[in-house]
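Could you walk me through how this structure is put together on the inside? I would like to start with a helix and then move on to the core, the rings and the backbone.

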Amino acid sequence: MKPFRKNLAIAIDGGGIRGVMVARALAMVEEKLGQPLFQLARLVAGTSTGSILSVGLASGLTSAKMEELYVALGETVFRKSWRTFFWPLTRFRYLHEPLADALRKHIGDRKLGDFWTAKPRTDVVITAFDLLKNKTCFIKPYKDEYKDWPVIKAVLASSSVPTYFPVVEGQYVDGGVGSYANPCYLAAYEASVILKWKPEETTLLSLGTGRDPQAVKPGQPERFRAWNWLTPILDAFLASASDQQVRLVDSFFTGLDFRRFQVDFTKSVAMDDPASIPALIEYGNQMGTMILNDQIDGAAKVKPSRPRRGR
């Protein structure tokens, strides 16, 4: 693994229980470095489960500890109940309280602005979507409108996937509802424009939560009914938006040491399936090995074409 530059930023995608994969991969990196990443990363950005991991890092938790918590709390956060058995007749499948209680136990009741006033301070960027204003919220610790937000509120807002968890305060849902399930572009912007980090002095690690295999077979779309289009269109939107963020970083932040890592699943992994944790840990070992060997994701290898002079 190439050494990190002077400034280290970490951006983590959304993905529910799949976050255990990223925690495992980062634990391998910490073992290699011989120190926890919270001592190195002064900028962390995350969406949904990525917001949980980002806040954990900013709060001083090791990646190994976060892996342990995902394993221990998966069944609790995604506990099956009458809501899950009768969905879609219910408004949501899981309650917020188990996740909120776990966050309160391990990171406390701090406010978002506390990250900015701490020494050393850490910039934390969390995404959520405001349904009332129809826009993505970029929740940051130095913004007046967010600095007094409880960290737990920000994480719950970012993690409230529609139909899985209830809407927060009647308006906030998962940040992946917009274009930022992958927050790597936000992290690059924050590092360069807000923190004024020089690209040649900055490393940005961008970590995905797994790419599902192709669900549509040749000839199948020709027989689709109206309802059959929902899943492939949603999957295409999410995958396209995620890869787009990678290419935006490559296009607009030249000189940045940008490293995007993603793992291809052999079969789909549901974001709310704790039974998949053992398989996800194995995928985490795969991602950790990729990081240690600088094997970046294929999407990050697609360089934008440059127009020829005079055209």
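Helix H7 (residues 151–159) is largely enclosed by the rest of the structure, because nine of its nine residues are buried. Buried here means under 20% relative accessible area, while exposed means over 50% and partly exposed lies in between, using a 1.4 Å probe and protein chains only. The buried residues of H7 include Lys153, Ser158 and Ser159, along with Val151, Ile152 and Leu156. Helices (H or I, at least four residues) and strands (E, at least two) are DSSP runs, numbered from the N terminus. Please keep in mind that this is a predicted model, in which local features need pLDDT of at least 70 and side-chain atom pairs count only at pLDDT 80 or more, whereas totals for chains, interfaces and linings use all residues. Residues are numbered from 1 along each chain as its sequence is written, and side-chain values use heavy atoms, with hydrogens and water left out.

After H5 comes Gly108, with a positive phi near 80°.

From H3 (residues 63–77), let us pick out Met66. Met66 counts as buried, at 4% relative accessibility. Leaving out residues up to four places away in sequence, Met66 touches Ala23, Leu53, Gly56, Leu57 and Leu61.

Now for the wider interior. A nonpolar core is a set of buried Ala, Val, Leu, Ile, Met, Phe, Trp, Tyr and Cys residues joined through side-chain atoms within 4.5 Å. The largest such core has 65 residues, and those with the most contacts inside it are Ile10, Leu37, Val55, Ile139, Leu207 and Met287. Apart from it lies another core, of 17 residues, among them Val125, Ala187, Val246 and Phe253. Ile139 touches residues including Leu112, Ile126, Tyr146, Trp149 and Ala154, when residues up to four places away in sequence are not counted.

That brings us to the rings. Rings of Phe, Tyr and Trp (its six-membered ring) pair if their centres lie within 6.5 Å; planes under 30 degrees apart count as stacked, over 60 as edge-to-face and the rest as tilted. By this rule the count comes to nine aromatic pairs. Tyr146 and Trp149 form an edge-to-face pair, because their ring centres are 5.1 Å apart and their planes stand at 90°. Both of these residues are buried. Phe265 and Tyr283 make a tilted pair, with 4.6 Å from centre to centre and 50° between the planes. Phe265 lies in the loop between strand E7 (257–261) and helix H10 (277–292) and Tyr283 in H10, so this pair ties together parts 18 residues apart in sequence. Elsewhere, ring pairs link Phe78, Tyr94 and Phe165 into a cluster.

Charges meet rings too. A charge sits over a ring if NZ of Lys or CZ of Arg is within 6 Å of the ring centre and within 35 degrees of the ring normal. The charged end of Arg93 sits over the ring of Trp87, 3.8 Å from its centre, and that of Arg121 sits over the ring of Trp116, 3.9 Å from its centre.

Asp13 is worth a visit, in the loop between strand E1 (7–12) and helix H1 (19–33). Asp13 counts as buried at 5% relative accessibility. Its side chain is joined to that of Arg260 by a polar contact of 2.8 Å; such a contact is a pair of N or O atoms within 3.5 Å, and within protein one must be able to donate a hydrogen and the other to accept it, with residues adjacent in sequence counting only if both atoms are side-chain atoms.

Finally, the backbone. A cis peptide bond joins Trp87 and Pro88, with omega about 15°, and another joins Lys119 and Pro120, with omega about -5°. Glu169, although not a glycine, has a positive phi of about 55°, and at 52% relative accessibility Glu169 counts as exposed.

Definitions and conventions: Contact means heavy atoms within 4.5 Å.
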